[in-house]
Each structure stands twice: as structure tokens, then as C-alpha cells.
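Please keep the sequence and the structure in view while reading.

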Amino acid sequence: MGIGMRWTTATAATTMTLAGTLGLGLMTPVAQAAAHGPCYDGRCTTTVSRPTNITVDSHRFGFGKLRITHISSRSVKMSATTTGGARLSGSTSPGGTVRLNSLSIRVQSVSGHKAKLVLTRAS
């Protein structure tokens, strides 16, 4: 068996192992978070221009979707429904922060109907 044959066999074995791992759902936490969106782990900066849902880790924060319900030049309104069915909501002006369970949502700035939000995990 020549060197080329060993390299091909090793590459094929590595490819099959990697494909099997991904196929069985044994992805790394970073890969899992990326599959759900950039804010899934509760650490991101995002700009929203209309009512929208931001997917977050329901096990970590107690709710799976942060809903931005209204954006104006004076305030941003948000809400969430916990996995137990409780309703959480908050509103703040630019520069303010709303904390829903262990997720802090800071409204960094608002321009027209676009709001720049910074999500962080609260301690």
C-alpha cells in the first residue's frame, strides 16, 4: 500500500466520522447556537426595523422568543411568554435597559423606526 492510498483511506475515514457525528446531532454548542440565530446564547447586537421575534435559549432564559412589538423614536416595547405561560413585557427609551428573567435588553439607539439592541446575559 503506497502513501497515496493511506492518505485517501485516512481522509475517507475522517470524512465519514465527521459526517456521522453531525448526522447524530453531536454538534458543538457554538454550531447549535448558530443554527438558531446570532442571539440564541443571549449575547449579540442587532438592529430591528419592525416588530419581530428574536430566538433565544429557552432553557437558559425561561422563554424561547423575545418579541419586539413596537419601535418609535421615543421607545421600544418588547414581550415574551415563559415556558410556564407567564407573560413578561417591558418598554424603554433609547439608552435604557429592560431585564426579562436573566436576559438584559439595552436599547443602544433609535433612528426613525430602527432600533439598535444589545442583548446580554444578566447576572
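Arginine 67 stands opposite serine 79 in β4, within a predicted model whose strands β3 (residues 65-71) and β4 (residues 76-81) run antiparallel and are joined by four bridges.

**The four-stranded sheet**
- The order β2-β3-β4-β5 describes an open sheet of four strands, in which the pairing is antiparallel.
- At the edges lie β2 (52-55) and β5 (87-92), each of which pairs on one side only.
- From one strand to the next, the twist averages 25 degrees.

**The β6-β7 hairpin**
- Strand β6 (residues 97-100) pairs with strand β7 (residues 103-111) in the antiparallel sense over four bridges, and threonine 97 has arginine 106 in β7 as its bridge partner.
- The two strands form a hairpin with two residues between them, and asparagine 101 in this turn has a positive phi of about 55 degrees.
- The covered face of β6 carries Val98 and Leu100, whereas Thr97 and Arg99 belong to the uncovered one.
- In general, side chains in a regular strand alternate between the two faces of the sheet.

**The protein as a whole**
- The protein has three helices and eight strands, and from the N terminus on its elements run α-α-β-β-α-β-β-β-β-β-β.
- Of the 123 residues, 32% count as buried, while the accessible surface comes to about 7700 Å², with 56% of that surface belonging to carbon and sulfur atoms.
- Among the contacts with a separation of 6 or more, 33% are accounted for by residues 24 or more positions apart.

Definitions and conventions:
Residues numbered from 1 in each chain as written. Predicted model: local features only at pLDDT ≥ 70, side-chain atom pairs only at ≥ 80, totals over all residues. Heavy atoms only, no water. Buried < 20%, exposed > 50% of the residue type's maximum accessible area, 1.4 Å probe, protein only. Pairing = 2+ DSSP bridges. Axes fitted to C-alpha atoms, helices over the stretch in contact; angles between N-to-C directions. Contact = heavy atoms within 4.5 Å. Areas by Shrake-Rupley, 256 points an atom, 1.4 Å probe, with all protein chains shown as cover.
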